[in-house]
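User: I am new to this structure and would like a close look at one part of it, the salt bridges. Please take me through them with care.

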Amino acid sequence: MVYVDRLTVSAVLAGVLGLTAGVAALLGAPLVLALVAGAMAAGLAGVVVVDAGRLGVWRDRATHAEGEVDRLKRALHDAEEAREDAEARLEWRTTFTARRRSTEANRLTDETTGLLAEGWFVVALESRLATARRNLRPVAVVMLEVVVGLRGGAPEPADPRRVTAAVTATIREADEAFRLRDGVFALLLEDTTDSGATWTAERVRLALAEIEPDAVLWAGVACYPAHGLSTEEVLDRVDQALDNAREWRQHRIEVASAEG
């Protein structure tokens, strides 16, 4: 179907009637008839002007709509990139959690530091959470990563024995400390809220400053039940908190978000 807009029709009619008025005048038609034809032509010319204005408005709206479409396309692209990043992080955390559950060679303690080994970390956390549910008491998890040489632009893991000395000088007998294979240390703090866990991490930092002044400590804190009700939820929250702390090029302690 061929579509002819109102502007085109109006322009054609205006031209035809104007031509008719001119011919009528040349042929000696009554003056009244010529004036009527001229008036009709002028009226239709006015319609043309009005339609031209409306066409300009429609064009502006079309341009705005095109801009909105481009904006939505960019938003969809950004959302797709965010989804891919989230999937990559989820895959990494799933693999990391599975690796934590491994009890290679059934070693209970880390050979270098004497702290509890990584393979027992999740087992101990599940046990602590089961007890916390029965007693209605909080449990805090703190993840610590300590590096040296950050200010010089060449960071590397701090001496694990020095970190261990600062940790063991700080935590209580009821608490547990673990050394994980990726250079991170984990603390399980009995009957402790996020504020108490934050203060524990700060005291570890102060103790470490006396042993290793160049060290920079990053820490993530998550608690049951404030930040998660299951082992997986608490681990996910504390991992995210530590990731947020790593974004700083200085000492940083981040508390997890309850929303994840």
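Analyst: Glu190 counts as partly exposed, at 26% relative accessibility, where buried means under 20% relative accessible area, exposed means over 50%, and partly exposed lies in between (1.4 Å probe, protein chains only). This is a predicted model, in which local features need pLDDT of at least 70 and side-chain atom pairs count only at pLDDT 80 or more, while totals for chains, interfaces and linings use all residues. Residues are numbered from 1 along each chain as its sequence is written, and side-chain values use heavy atoms, with hydrogens and water left out.

The side chain of Glu190 forms a salt bridge with that of Arg128, at 2.5 Å from N to O; a salt bridge is a side-chain nitrogen of Lys or Arg within 4 Å of a carboxyl oxygen of Asp or Glu. Because Glu190 lies in strand S5 (residues 184-190) and Arg128 in helix H3 (residues 121-135), the pair ties together parts that are 62 residues apart in sequence; helices (H or I, at least four residues) and strands (E, at least two) are DSSP runs, numbered from the N terminus. Arg128, for its part, is buried, with a relative accessible area of 14%.

The structure holds 12 salt bridges, and another of them joins Arg237 and Asp236, at 3.4 Å from N to O. Here Arg237 is buried at 14% relative accessible area, whereas Asp236 is partly exposed at 24%.
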